Amino acid sequence: MGELIVMNHPLIQHKLTILRKKETGSKDFREIVREMSALMGYEVTRDLETEEVEIETPLTKTVGKKISGKKVAVVPILRAGLGMVDGVLSVVPGARIGHIGMFRDPDTLNPVTYYCKLPKDISERTIILLDPMLATGGSLVAAIDELKKLGAKDIRSLNILAAPEGIEVVQKSHPDVDIYVGSVDDYLDEHGYIIPGLGDAGDRLFGTK
């Protein structure tokens, strides 16, 4: 079973409280999402493999470490996932970027992929899948389905908030995917919103209604 990692670092929890406040405007919301994504990016990359490399400092030769093994790809689920990209890239600036776009079919209520553009060597990379909200889990499961169809094997989900119902859906469908979250909230309401949550992340990021 993939791990559920809840990040209880005080800085992450402090920033999350600001995001939840209805008074927080789009400019501040975007900045804090970026800052949180950078902090969370440290944790999601904690177990990347390293190898020793000989270097020369201004004073002498020494041995340091560099990232080895799989390279990283950052893949936001459009549109809200875009708000997390710059923060994660500040931690792993060499990562490639892919995009997955989805909408909900009004008749079936199932997520439909309308856009998918990924690095060609996706099967050789550690994928960090970005979406601020893990609510019902439908979009995340569909995105992981799409990634696996194209050969991805090492996938990690990075979410600011998650509902227990969505976590259960993802873990049941993709038990090999680790889920990194800032908070597991109480439940989903009848409209599929996370409670207490922070509202619609996309609308708050981009100032739309």
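Hi everyone. Let me begin with one definition: a residue is called buried under 20% relative accessible area, exposed over 50%, and partly exposed in between, using a 1.4 Å probe and protein chains only. With that in hand, D176 counts as partly exposed, at 44% relative accessibility.

Now, where do the values come from? This is a predicted model, in which local features need pLDDT of at least 70 and side-chain atom pairs count only at pLDDT 80 or more, while totals for chains, interfaces and linings use all residues. Residues are numbered from 1 along each chain as its sequence is written, and side-chain values use heavy atoms, with hydrogens and water left out.

Let's turn to charged pairs. A salt bridge here is a side-chain nitrogen of Lys or Arg within 4 Å of a carboxyl oxygen of Asp or Glu. Searching the whole structure gives 11 salt bridges. I'll also mention helices and strands: these are DSSP runs, numbered from the N terminus, with helices being H or I of at least four residues and strands being E of at least two.

Back to D176, then. Its side chain meets that of K148 in a salt bridge, 2.8 Å from N to O. K148 sits in helix α4 (residues 138-149) and D176 in the loop between α5 (164-173) and β11 (178-184), so this pair ties together parts that are 28 residues apart in sequence. K148 is partly exposed too, with a relative accessible area of 29%.

Because D47 is in the loop between α2 (26-44) and β2 (50-56) and R156 is in strand β10 (residues 154-162), the pair ties together parts 109 residues apart in sequence. R156 is buried, at 7% relative accessible area. There is a network here as well: salt bridges link D47, D154 and R156.

Finally, the aromatic rings. Rings of Phe, Tyr and Trp (its six-membered ring) pair if their centres lie within 6.5 Å, and planes under 30 degrees apart count as stacked, over 60 as edge-to-face and the rest as tilted. How many aromatic pairs does a search of the whole structure find? The search finds 1. The ring centres of F103 and Y114 are 6.3 Å apart and their planes stand at 35°, so the pair is tilted. F103 belongs to strand β6 (residues 99-104) and Y114 to strand β7 (residues 111-117), 11 residues apart. F103 itself is partly exposed, with a relative accessible area of 41%.
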